Amino acid sequence: MFVEVSYTKDNKPILNKRNGVRLSAAQRKAFEDSLKITAAPEYDMMCFIPHHFFRYYDARGKQIGTVSVCFCCNGVEASGSKALEPPDNATLNADYRQLKALVAALGEPTDILCD
């Protein structure tokens, strides 16, 4: 998991921990259990400026997908892999209370730039 806490003058993200936080198998399961597929809403999210990124890598260390989370608007989005994307007329959602608890247990903040 990577957490953006700010931006440089030229708008490049500053990460809380340069190499992120590696989730254990149990933490990864807890993360994935917090995700759910729901019917697509009739409206789009207001902000969706995610600062938490759960990245997936293959055995060679190549990034193959990302689940991005915005705790400000309670939005979540997957990219990079069809296995992470919801079917048509559906959206990826999460149990944000459970997800916040996991992020806090990993020693990371969840209230970043939610002004």
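1. Cysteine 72 has a relative accessible area of 33% and is therefore partly exposed. The model is a predicted one, and the values given here should be read accordingly.

2. Cysteine 72 is joined to cysteine 114 by a disulfide, with an S to S distance of 1.9 Å. The structure holds 1 disulfide. Cysteine 72 sits in the loop between strand 5 (63-70) and strand 6, whereas cysteine 114 belongs to the segment after helix 2, so the pair ties together parts that are 42 residues apart in sequence. Cysteine 114 is likewise partly exposed, at a relative accessible area of 33%.

3. The torsion about the S-S bond of cysteine 72 and cysteine 114 is about -85°, and the disulfide is therefore left-handed.

4. Two further cysteines deserve a comment. Cysteine 70 is buried, because its relative accessible area is 1%. Cysteine 73 is in no disulfide, and its nearest cysteine sulfur, that of cysteine 70, is 3.5 Å away. Cysteine 73 counts as partly exposed, at 21% relative accessibility.

5. Asparagine 89 has a phi near 60°, a positive value in a residue other than glycine. This asparagine 89 lies in the loop between strand 6 (75-79) and strand 7 (90-94). Its relative accessibility of 70% places asparagine 89 among exposed residues.

6. Leucine 113 also has a positive phi, near 50°, and is a residue other than glycine. Leucine 113 is found in the segment after helix 2 (96-105) and is partly exposed, with a relative accessible area of 44%.

Key. Residues are numbered from 1 along each chain as its sequence is written. This is a predicted model: local features need pLDDT of at least 70, side-chain atom pairs count only at pLDDT 80 or more; totals for chains, interfaces and linings use all residues. Side-chain values use heavy atoms; hydrogens and water are left out. Helices (H or I, at least four residues) and strands (E, at least two) are DSSP runs, numbered from the N terminus. Buried means under 20% relative accessible area, exposed over 50%, partly exposed in between (1.4 Å probe, protein chains only). A disulfide is a pair of cysteine sulfur atoms within 2.5 Å.
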